[in-house]
Amino acid sequence: MQQTWFGSLDNFRKGSIEIIKGKPEHYAMSNVFEVASRAQPYQKVVVGKNLKYVIETLRAEGSSPWFAASHDEFAVVLDGEIDVHFIKPSGGPLVDAKTEGTVRLDGQPAGQPMGYVRLRRGHQALLPTGAAYRFEAVTKGVLLVQTILGQCSVEKWAEICIQ
Amino acid sequence: MDKVTGLQNVTATEPDPTTGYRIFHLGDFEFSRDAYFATVKWPANGQTRSHQMHADDFLRAMMRDVAWGFFYGWVNFDEVIGTRNHYGKVDMYAGSYNASYKDAGIDHTQQFDTPLIMATFKAILRDWVNEGFDPFAAPEETGSAFGAKHGDNIAAIERTRIATKRMPGLEGDSPLRDDLPVNRQFADVVQDEPEIHAEPGFEGALHAFSLFKYLSRSDVTWNPSVTSVCQQSLFCPTTEEFVLPVFHGNDRVEWFLQLSDQIIWDVADKDSGEPRARITMNAGDIAAMPADIRHKGYSQKRSMLLVWENATPDLPKRYESGELPPYPIQI
């Protein structure tokens, strides 16, 4: 059979747009491996935006800061091996209910360690509301995060999209 | 003579003595099939107009429309016929989104309550899908749709989109797919699950699963099913092989992220059908489908695709009024 082909940080092949009428930028097309390969570790680069909702691509390398949100978020590993550590904060919610998107915390929040999940390519984890989390790359890789546009979201469409 | 066949208000004839298939009526539309073709007829300017599709293409398209509950926006079976979802009511149309038919004034649209059109479409599928043909499968995986009526395949047509509340595998949520076999074209996809190391007292509080394993076991093609829910943001991945059986025109922006292999998308104007672009997406590529286009995908190997939807209810009105531009990003 034909091999199933997944991309990676070091091996991706960006697609293309053949225009008949209109402009390539209408499709806001990028490649998440290319975006991650050019980004700082754990910079949350927006690659998909539908009103307030976003898909972010993160280059996973070393340790990330601690994050939290007032709503569920989800992470999918597309390359590498990445641990996600969780803490149950002792002082109640770390993020105000009105604040949407990922919030970066200063240092490690006080609370009880909940444990960790080890994710490899194709694995998805729930980043549940009410928990703080941190990524630790066992080997460098690429993460997708499903969330809402927030204070850590970085938009640089002109740099990443086919034009 | 028309008669009610038991399903709510579905109008159908007795089986044709030669082909074995029933003829169905839905408002002004008539649906019939023979050994090779599905034929749709409608009135326009005092005449009867007609349109034919290959029976297999027609049944694959109708299967998606039924399984998706008429989906978002326009589900074009081909360049002439299709449905538009108004979420409670559904338009059936012929030629209404084809520039030539529209100019000639031979198009026709009629609106139905969702339960009536759904019951009629399901009755058509039950009658027209023969034993050995699975309209949800890729051509290499299933038998022929052609010939006179022989048996049925009710099990194959009763599958629906998976409704997930938060994430599959959570207690009280949609199940994982450990009981389904790995698809032949994903035989090389690693089947390991994430390691979950919960501290005492937090067993069950951490949740992760292998999405690629889950997708490798999908038993249907081109059927977006929800795997994570962030308010109205829905990840709806699916496995794709051969051709998307419909030309989907959305009433909102959606995004595609190619998770494996490659899909080529034909993109055309939503209203006229005029071609606009052809987009080749490889693993890792992400692109928006603007709100003013229709699209149809081609996947020569079974591939994994993340379809990303915003399910906010008032979006169609906001795009239609021009409040929201059809393109999500201004560069």
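Biologist: Which side chain is joined to that of R59(A) by a polar contact of 2.7 Å?

Modeller: The side chain of E61(A) is the partner of R59(A) at 2.7 Å. A polar contact is a pair of N or O atoms within 3.5 Å; within protein, one must be able to donate a hydrogen and the other to accept it, and residues adjacent in sequence count only if both atoms are side-chain atoms. The model is predicted: local features need pLDDT of at least 70, side-chain atom pairs count only at pLDDT 80 or more, and totals for chains, interfaces and linings use all residues. Residues are numbered from 1 along each chain as its sequence is written, chains are lettered from A and ligands numbered from 1 in the order in which they are written, and side-chain values use heavy atoms, with hydrogens and water left out.

Biologist: Is R59(A) buried or exposed?

Modeller: R59(A) counts as buried because its relative accessibility is 13%; buried means under 20% relative accessible area, exposed over 50%, and partly exposed in between (1.4 Å probe, protein chains only). A polar atom of its side chain also lies 3.2 Å from the backbone oxygen of A36(A).

Biologist: And which strand holds R59(A)?

Modeller: R59(A) belongs to strand β4 (residues 53-60) of chain A. Helices (H or I, at least four residues) and strands (E, at least two) are DSSP runs, numbered from the N terminus.

Biologist: Switching to the two chains, how many residues of each are in contact?

Modeller: On chain A there are 67 residues in contact with 74 residues of chain B, where contact means heavy atoms within 4.5 Å. By class, the side of chain A that touches chain B has 33 nonpolar, 21 polar and 13 charged residues. Here Ala, Val, Leu, Ile, Met, Phe, Trp, Tyr, Cys and Pro count as nonpolar, Asp, Glu, Lys and Arg as charged, and the others, Gly among them, as polar.

Biologist: How many salt bridges cross that interface?

Modeller: The rule finds four salt bridges between chain A and chain B, each being a side-chain nitrogen of Lys or Arg within 4 Å of a carboxyl oxygen of Asp or Glu. One of them links R120(A) and D192(B), at 2.9 Å from N to O.

Biologist: Which strand of chain B pairs with β1 of chain A?

Modeller: Strand β18 (residues 275-282) of chain B pairs with strand β1 (residues 16-19) of chain A, in the antiparallel sense over four bridges. Two strands pair if DSSP finds at least two bridges between them. In β18(B), T280(B) is the bridge partner of S16(A).
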